[in-house]
Amino acid sequence: MRLLTYPSLCLLMRLRSAKTCIIAFTMLFTASASAEPTTVIVVRHAERATEPANDPALSPAGQLRATQLAEALAQFKVNAIITTNLRRTRETAQPLAKKMALQTIEIGVRKGEAAAHVPEVIAALTKLSGAVLVVGHSNTTAQIVTALTGEPMMQLCETSFSHIFVVNIAAKSVAKLRYGQMDVAASEGCQ
């Protein structure tokens, strides 16, 4: 598996703006694409509010990040979006879904059953084509990338919201990019 990071990618491409770098990189990934799912973009939901505890909405910072995600991916021809049934993933995807005139595909996640959720997402991806955005959680995002590439990924920290994983399905490679406000420093054992 090839892992390209945002700084190395931008240096190679001599791009200074994060938005320009993401757009250029996603175009690079789709240029080598054929039919079937070609590129899968995997993100964790944006920052959530504290209430209601069982299914919180996005916080104001999360709403801003969701808008930034839509802006970062606006030039990318995303033609499908997968979320969970939880409000924070749906709200993270909503600005891009609205901009691209897409209905999201909800795949339910049940408490304590994250391991069962990942194969359901992978099965749904096999029925899609082109570029697909998947909005997951801290305990599923890395697992989805691992399932797509075959390479283990470190789980996201509870304070990590800025990661974008762009997976080229044919090459089984992933580029790790960031968007929006930088996260709090990662704890040991997570990214």
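**Entry 1: the cores**

I looked up the largest nonpolar core and found 21 residues, of which Val-42, Ile-82, Leu-125 and Val-134 touch the most other members. A nonpolar core here is a set of buried Ala, Val, Leu, Ile, Met, Phe, Trp, Tyr and Cys residues joined through side-chain atoms within 4.5 Å. Buried means under 20% relative accessible area, exposed over 50%, and partly exposed in between (1.4 Å probe, protein chains only).

I noted which elements give two or more residues to this core: strands E2 (37-44), E3 (78-83), E5 (130-136) and E6 (163-168), and helices H5 (114-125) and H6 (141-149). Helices (H or I, at least four residues) and strands (E, at least two) are DSSP runs, numbered from the N terminus.

I also noted a second, separate core of 20 residues, which includes Val-43, Ala-93, Leu-133 and Ile-164.

The model is predicted, with local features needing pLDDT of at least 70 and side-chain atom pairs counting only at pLDDT 80 or more, while totals for chains, interfaces and linings use all residues. Residues are numbered from 1 along each chain as its sequence is written, and side-chain values use heavy atoms, with hydrogens and water left out.

I then listed the partners of Leu-125, leaving aside neighbours within four places in sequence. They are Pro-37, Val-40, Ile-82, Val-132, Val-134 and Leu-148. Contact means heavy atoms within 4.5 Å.

**Entry 2: helix pairs**

I took H3 (residues 60-73) and H4 (residues 87-100) next. They pack at an angle of about 40 degrees, with their axes 8 Å apart. Axes are lines fitted to C-alpha atoms, for helices over the stretch in contact, and angles run from 0 to 180 degrees between N-to-C directions. H3 and H4 are therefore oblique to each other. Angles under 35 degrees count as roughly parallel, over 145 as roughly antiparallel, 65 to 115 as roughly perpendicular and the rest as oblique.

H3 passes H4 in a right-handed crossing. A crossing is right-handed if the near helix is turned clockwise from the far one by less than a right angle, and left-handed if anticlockwise.

From H3, Ala-66, Thr-67, Leu-69, Ala-70 and Leu-73 meet Glu-91, Thr-92, Pro-95, Leu-96 and Lys-99 of H4. By class I have six nonpolar, two polar and two charged residues. Ala, Val, Leu, Ile, Met, Phe, Trp, Tyr, Cys and Pro count as nonpolar, Asp, Glu, Lys and Arg as charged, and the others, Gly among them, as polar.

H5 and H6 cross at roughly 50 degrees, and their axes come within 10 Å. This crossing is right-handed. H5 contributes Ala-114, Ala-115, Val-118, Val-121, Ile-122 and Leu-125, and H6 contributes Gln-143, Ile-144, Ala-147 and Leu-148. The classes are nine nonpolar, one polar and no charged residues.

**Entry 3: single residues**

I checked Thr-104, in strand E4 (residues 104-106). At 29% relative accessibility, Thr-104 counts as partly exposed. Beyond four places in sequence, Thr-104 touches Ile-81, Thr-83, Ala-93 and Ala-97.

I found a cis peptide bond from Glu-51 to Pro-52, with omega near -15 degrees. Pro-52 sits in the loop between E2 and H3.

Ala-101 is not a glycine, yet has a positive phi of about 55 degrees. I placed Ala-101 in the loop between H4 and E4. Ala-101 counts as exposed, at 70% relative accessibility.

Lys-172 has a positive phi of about 50 degrees, although not a glycine. Its relative accessibility of 44% makes Lys-172 partly exposed.
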